Amino acid sequence: LSVMQLRMAEPNKDVVGVQELLNKRINEFVDEILLPYFGGMINFVKDAEQVTDQGREQRVREGEVVQLVRGFAQDYRKSIDIINGEVMKCFTNFNNGTVILQSALTKMIQYYNRFQKILGQAPYKTLPVRAELVNVHHVMVEVKKYRNQF
């Protein structure tokens with residue numbers, strides 16, 4: 001892709017097609033790398049949003065929420081570090097590695113924001129475990145440590 005971009009003055013359909021395939025594969029890889037560490041939260045968010053979109057009432061899953069909140073608070077730093085290591089091991093190319101790592105960390109933060117938003121709505125907004133949520137600012141500070149690791 002890089003060679004094609006350098007040799008062509010303007011992007012053509014081949015370059016665009018290869019870029020689209022690359023982006024699709026990056027998204028697939030990002031999803032796969034996040035699942036072992038944040039899969040519970042991701043699945044909870046997807047399920048809760050689907051129920052809301054269908055206009056159905058959420059059923060309280062307090063035990064699951066408590067486990068997700070406490071698990072995230074306890075493990076998110078270690079998980080981010082492991083993800084960073086995996087990406088560095090798999091993608092030694094600076095540009096690709098940086099793009100993939102930032103995509104993964106951005107997607108993780110987006111899911112965590114959505115998770116917090118869901119917990120701010122009924123029937124979860126009265127759960128005491130909400131006080132244990134990690135502030136998204138703290139998560140972003142941790143993510144910034146990995147901005148230029150390559």
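The chain folds into 5 helices and 0 strands, where helices (H or I, at least four residues) and strands (E, at least two) are DSSP runs, numbered from the N terminus. Read from the N terminus, the order of elements is simply α-α-α-α-α. This is a predicted model, so to speak of local features a pLDDT of at least 70 is needed, side-chain atom pairs count only at pLDDT 80 or more, and totals for chains, interfaces and linings use all residues. Residues are numbered from 1 along each chain as its sequence is written, and side-chain values use heavy atoms, with hydrogens and water left out.

Now for the overall picture. Of the 150 residues, 34% are buried; buried stands for under 20% relative accessible area, exposed for over 50%, and partly exposed for anything in between (1.4 Å probe, protein chains only). Among contacts (heavy atoms within 4.5 Å) with a separation of 6 or more, 74% link residues 24 or more positions apart. The chain shows about 9500 Å² of accessible surface, and carbon and sulfur atoms own 50% of that; the areas come from the Shrake-Rupley method with a 1.4 Å probe, and for residues only the protein chains shown count as cover.

Helix 2 (residues 13-53) is the one with a kink to look at. A straight helix of 41 residues would span 60 Å at 1.5 Å a residue, yet the end C-alpha atoms of helix 2 sit only 37 Å apart; the expected span is 1.5 Å times one less than the number of residues. At Phe38, helix 2 bends by about 95°, the bend being the angle between axes fitted to the seven residues ending there and the seven starting there. Leu35 also belongs to helix 2 and is partly exposed, at 38% relative accessible area. Between Leu35 and Met108 there are 9.9 Å, C-alpha to C-alpha, although they lie 73 residues apart in sequence. Just after helix 2 comes Gly55, with a positive phi of about 80°.

Helix 4 brings in Ile118, which counts as buried with a relative accessibility of 9%. Its C-alpha atom is 7.5 Å from that of Val45, 73 residues away along the chain. Leaving out residues up to four places away in sequence, Ile118 touches Phe44, Val45, Ala48, Glu49 and Tyr124.

The loop between helix 4 (94-119) and helix 5 (136-144) holds Pro123. Ala122 and Pro123 are joined by a cis peptide bond, with omega at about 5°. Most peptide bonds are trans, and most residues other than glycine have a negative phi.
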